[in-house]
Amino acid sequence: MERSLSMELVRVTEAAGVAAARWMGRGLKNEADDAATTAMRMVFDTIPMQGVVVIGEGEMDEAPMLYIGEELGMGNGPLVDVAVDPLEGTNIVASGGWNALAVLAIADQGNLLNAPDMYMDKIAVGPEAVGKIDIDASVTDNLFAVAKAKNKDIEDVVATVLSRDRHLAIIEEIRAAGARIKLITDGDVAGAINTAFDGTGVDILFGHGGAPEGVISAVALKCLGGEIQGRLVPSNQAEIDRCNRMGIDLKKVLYMNDLVKGDDAIFAATGVTDGELLRGVRFKGSYSETHSVVMRSKSGTVRFVEGRHSMKKKPHLVMQN
């Protein structure tokens, strides 16, 4: 992939982030998601690449745009798999909460797992704890392994968990071990990425979240030198049948190279609402300001990008001819 593609992809998440942020706190999550999806789709078509969506807004018959199998890009340039979540945290934006992102990931064609839309059991850590976690080990054992790897006392370790009834046992075990918890209402992509940045104060992520988000998180953590392990958790017979048709072994632990193969992948995200890592979109008169991160696994480069956009000259962050 061309090095310049990284910065081109930031334009895509910036556009989605700005479009979604207009809906912050209005209680209209579907409208926010639609706005982000439309903006992302529009800018993708200005990018020199030949992309195919492998993780998107749904199948062709259930999503008008950014559906699985949709072709993106100008039709020239590298052949790539595309994973998108135009608005990671629709409920967050609807309520004006914390950590909503516009995110995407790409990799060379055939290198991203086409994860079905179902739950995945996940455990994720940053670079210091790579090789020290085991999804089949207990929560307690993983917490102490991370504490040792990061030279922390157990009471200094912070675990992020989605606040769901299905996680009550995990939460109780974390508390019993003596570690601390950051419960999040939505947005486990941000939760996974935060484990790789000391400044966020997060050391490990546990719990069941979306499988597509697990693949997107894997790309980000590959760029950052972190680790995520996952196992699909179908909730009904239809999901089991789908995994069987895809040839996915439900007992198999999915490691980094199962989720994203190869050494070249790019991840980009723009903050829609404020979070530990990225600021949300600010609107000031005819301008908007964005805060994004873009990273590439091949080079290990991580860039934070601050953008100031004229909403008069580029109302959708695309120049009009």
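Guide: Happy to. In what follows, helices (H or I, at least four residues) and strands (E, at least two) are DSSP runs, numbered from the N terminus. Please keep in mind that this is a predicted model.

Our loop is the one between strand E12 (287–296) and strand E13 (302–310), where threonine 301 is found. Threonine 301 has a relative accessible area of 29%, so it counts as partly exposed, a label for values between 20% and 50%. Its side chain and that of serine 299 are joined by a polar contact of 3.0 Å. With neighbours within four places in sequence set aside, threonine 301 touches Val294, Met295 and Arg296. From lysine 132, threonine 301 is separated by 169 residues in sequence and by 24 Å in space, C-alpha to C-alpha.

Asparagine 99 sits between helix H3 (90–95) and strand E4 (101–108). Its relative accessible area is 8%, and asparagine 99 is therefore buried, since the cut-off for that word is under 20%. The side chains of asparagine 99 and glutamate 276 form a polar contact at 2.5 Å.

Glu88 is one of the residues closest to the centre of the largest pocket, along with Asp85, Leu87, Asp117 and Glu213; 39 residues line the pocket. The space in the largest pocket comes to about 960 Å³. Elements that give two or more residues to its lining are helix H2 (29–44), strand E1 (50–55), strand E3 (79–88), H3, E8 and H7. H2 contributes the most, with six residues.

Of these, E1 and E3 are partners: five bridges pair them in the parallel sense, and valine 53 is opposite valine 82 in E3. E1 also pairs with strand E2 (residues 71–72), here in the antiparallel sense and over two bridges. In that pairing, valine 52 faces glutamate 71 in E2.

E8 takes us to another sheet. This one is open, with five strands in the order E7-E6-E8-E5-E9 and mixed pairing. Strand E7 (180–184) and strand E9 (227–233) each have a single partner strand, so each is left with one side that has no neighbour in the sheet. On average, neighbouring strands here are turned by 20° against each other, direction ignored. Strand E5 (residues 119–125) and E9 run antiparallel and are joined by seven bridges; among the paired residues, lysine 122 has glycine 230 in E9 as its bridge partner. Helix H7 (residues 211–224) packs on this sheet, where it touches E5, strand E8 (204–210) and E9, and its direction makes about 20° with that of E5.

One last stop is helix H8 (residues 237–246). At its start, asparagine 236 brings a side-chain oxygen to within 3.1 Å of the backbone nitrogen of alanine 238. Just after H8 comes glycine 247, with a positive phi of about 75°.

Terms used:
Residues numbered from 1 in each chain as written. Predicted model: local features only at pLDDT ≥ 70, side-chain atom pairs only at ≥ 80, totals over all residues. Heavy atoms only, no water. Polar contact = N/O pair within 3.5 Å; in protein donor to acceptor, adjacent residues only side chain to side chain. Buried < 20%, exposed > 50% of the residue type's maximum accessible area, 1.4 Å probe, protein only. Contact = heavy atoms within 4.5 Å. Pairing = 2+ DSSP bridges. Axes fitted to C-alpha atoms, helices over the stretch in contact; angles between N-to-C directions. 1 Å grid on protein atoms, 1.4 Å probe; cavity = no way out; pocket = protein on both sides within 12 Å on 5 of 7 lines; lining within 4 Å. Points joined across faces, edges and corners; volume = space filled by probe spheres on them.
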